[in-house]
Amino acid sequence: MRENPVVEIADLNIKAPILEGTDNDILSKAAGHFPETGDFGKENYCIAGHSSTLYKEYFNNLKDVEFGMTIRLYDKDKKSYLYAVTESFIVEPNETWVLDDFGDNRITIITCTDDGTQRQVVVGILKE
């Protein structure tokens, strides 16, 4: 089996494979990388995943994230990139500015709020 990139937040028992794209088919089995956003350790690497009981609920515990927690991103070669959580906030589903390049190296994780009407966004900045 082809190895997929993986995102992990050990403090929250989160570990999810990452596939390319964010359509329903991908998000029903993994986290999805937004095409046209950053790469491993470069720019704004944006991923989305479900937090529900209907699908692969990889990000259910994301609501318990705390500043300073480590987000570990592994590429296909298992090279590890460490990010420190710096932000956690709620946006409306149409607020796509969180996918923009902010001139730094970050990971942005997006999931639904518990009621599914809004999106929780967690940002981690790459530790050099």
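Biologist: How many aromatic pairs does a search of the whole structure find?

Modeller: A pair of aromatic rings is described by the distance of the centres and the angle of the planes. In this structure, a search of the whole finds four aromatic pairs. Rings of Phe, Tyr and Trp (its six-membered ring) pair if their centres lie within 6.5 Å; planes under 30 degrees apart are stacked, over 60 edge-to-face, and the rest tilted. This is a predicted model, in which local features need pLDDT of at least 70 and side-chain atom pairs count only at pLDDT 80 or more, while totals for chains, interfaces and linings use all residues. Residues are numbered from 1 along each chain as its sequence is written, and side-chain values use heavy atoms, with hydrogens and water left out.

Biologist: Why is the pair of Trp 97 and Phe 102 edge-to-face?

Modeller: The planes of the two rings, Trp 97 and Phe 102, stand at 85° with the centres 6.5 Å apart, so the pair is edge-to-face. Trp 97 is partly exposed at 39% relative accessibility, and Phe 102 is partly exposed as well, with a relative accessible area of 38%. Here buried means under 20% relative accessible area, exposed over 50%, and partly exposed in between (1.4 Å probe, protein chains only).

Biologist: Which residues form one aromatic cluster?

Modeller: Phe 40, Tyr 45 and Tyr 81 form it. Tyr 45 can also be placed relative to Asp 100: the two are 55 residues apart in sequence, and their C-alpha atoms are 9.6 Å apart in space. Asp 100 belongs to the loop between E6 and E7 and is partly exposed, with a relative accessible area of 41%.

Biologist: In what order do the eight strands close into a barrel?

Modeller: The order is E1-E2-E3-E4-E7-E8-E6-E5, and the pairing is mixed. Helices (H or I, at least four residues) and strands (E, at least two) are DSSP runs numbered from the N terminus, and two strands pair if DSSP finds at least two bridges between them.

Biologist: Which strand is joined to E1 by three bridges?

Modeller: That strand is E5 (residues 70–74), which runs antiparallel to E1 (residues 6–9). Within this pairing, Glu 8 stands opposite Arg 72 in E5.

Biologist: Which residue takes a positive phi in the hairpin of E5 and E6?

Modeller: In that hairpin, with five residues between the strands, the residue is Lys 78. Its phi is about 70°, although Lys 78 is not a glycine. At 40% relative accessibility, Lys 78 counts as partly exposed. Glu 43 also has a positive phi, near 55°, and is a residue other than glycine. Glu 43 sits in the loop between E3 (31–33) and E4 (44–48), and is partly exposed with a relative accessible area of 44%.

Biologist: How much space lies in the largest pocket?

Modeller: Rolling a probe the size of a water molecule over the atoms shows where empty space is left. The largest pocket holds about 310 Å³ of space. On a 1 Å grid over the protein atoms alone, with a 1.4 Å probe, a pocket is an open set of points with protein on both sides within 12 Å along at least five of seven lines, and lining residues have an atom within 4 Å of a point. A volume is the space filled by probe spheres set on the points, which are joined across faces, edges and corners.

Biologist: Which residues of the lining are the closest to the centre of the largest pocket?

Modeller: Of the 18 lining residues, these are Phe 34, Ala 48, Pro 93, Ile 110 and Arg 119. Helix H1 (24–27) and strand E7 (106–112) each supply at least two residues of the lining, and E7 gives the most, with three. By class, the lining has nine nonpolar, six polar and three charged residues. Ala, Val, Leu, Ile, Met, Phe, Trp, Tyr, Cys and Pro count as nonpolar, Asp, Glu, Lys and Arg as charged, and the others, Gly among them, as polar.

Biologist: Which strand gives the most to the lining of the second largest pocket?

Modeller: Strand E2 (residues 14–20) does, with three residues. About 170 Å³ of space lies in this second largest pocket. Its lining has 11 residues, and Pro 5, Ile 18, Leu 19, Glu 20 and Lys 76 lie nearest the centre. Five of the lining residues are nonpolar, two polar and four charged.
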